[in-house]
Amino acid sequence: MLAETMKACFNLCMPTEITPIDDEQIINDLGGPSEVARLCETSPQAVSQWYGLHPKTKEPRHIPNSRLMFLKLVRPNVFAGYEQATPAEQPASTAAAAAPIKLLSPQSPRKLIAKES
């Protein structure tokens, strides 16, 4: 019963319709591969493999889900145009999460952990 309740709550908070995300456009809106690489602590070459077609299989490539979730948290304003639900239709918890997150330190978490050790 608890699992059914949690599933209902999760589905209730999700927007009902979302516009398909064009990965290349999202990366460009975020400032290009170099800026996205800086945010995700990876290389611009890695970011450039998150969109377009795979050269051998010709299948579309996408931003990895974990990176996409992170980018939505860090820069929600970029993703606002891709969600069709209006702020009035969103639950209060979702509307509060739309405020940009301010990073407390310009250092990466890995560097902070290394200094504490």
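Q: Why is Gly-81 called exposed?
A: Exposed means over 50% relative accessible area, buried under 20%, and partly exposed in between (1.4 Å probe, protein chains only). Gly-81 comes in at 67% relative accessibility, so it counts as exposed. You'll find Gly-81 in the loop between α6 (76–79) and α7 (92–96).

Q: What is the mean pLDDT of the chain?
A: pLDDT is the predictor's confidence in each residue, from 0 to 100. The mean for the chain is 73, and 53% of its residues reach 70 or more. Over residues 14–19 the pLDDT is below 50, and that stretch has 7 contacts beyond near neighbours in sequence; contact here means heavy atoms within 4.5 Å. Residues 84–96 also stay under 50, with 11 contacts beyond four places in sequence. Where pLDDT is low, the predicted coordinates should not be read in detail.

Q: How many helices and strands does the chain have?
A: Helices (H or I, at least four residues) and strands (E, at least two) are DSSP runs, numbered from the N terminus. By that rule the chain has 8 helices and 0 strands.

Q: What makes the Glu-35 and Arg-38 pair a salt bridge?
A: A salt bridge needs a side-chain nitrogen of Lys or Arg within 4 Å of a carboxyl oxygen of Asp or Glu. For Glu-35 and Arg-38 the N to O distance is 2.7 Å, so the pair meets the within 4 Å rule. The structure holds 1 salt bridge. Both residues lie in helix α3 (residues 33–40), 3 residues apart, about one turn of the helix.

Q: Why are Glu-35 and Arg-38 put in the classes they are?
A: Glu-35 has 23% relative accessibility, so it counts as partly exposed. Arg-38 has a relative accessible area of 54%, so Arg-38 is exposed.

Q: How do you know that the buried residues of α3 line one face?
A: Those residues are Val-36, Ala-37, Leu-39 and Cys-40. Looking down the axis of α3, they fall within an arc of 160°, so they line one face of the helix; the arc is that of the directions from the helix axis to the C-beta atoms. They pack against α2 (23–29), α4 (44–47) and α5 (65–74). On the other side of α3, Ser-34 and Arg-38 are exposed. Just after α3, Glu-41 takes a positive phi of about 55°.

Q: What is the nearest side chain of opposite charge to Asp-23, and how far away is it?
A: Lys and Arg count as positive and Asp and Glu as negative, while His and the chain ends are not counted. For Asp-23, that nearest side chain is Arg-61, 9.1 Å away. Asp-23 is buried yet has no salt bridge. It sits in helix α2. Leaving aside neighbours within four places in sequence, Asp-23 is in contact with residues including Trp-50, Tyr-51 and His-62.

Technical notes. Residues are numbered from 1 along each chain as its sequence is written. This is a predicted model: local features need pLDDT of at least 70, side-chain atom pairs count only at pLDDT 80 or more; totals for chains, interfaces and linings use all residues. Side-chain values use heavy atoms; hydrogens and water are left out.
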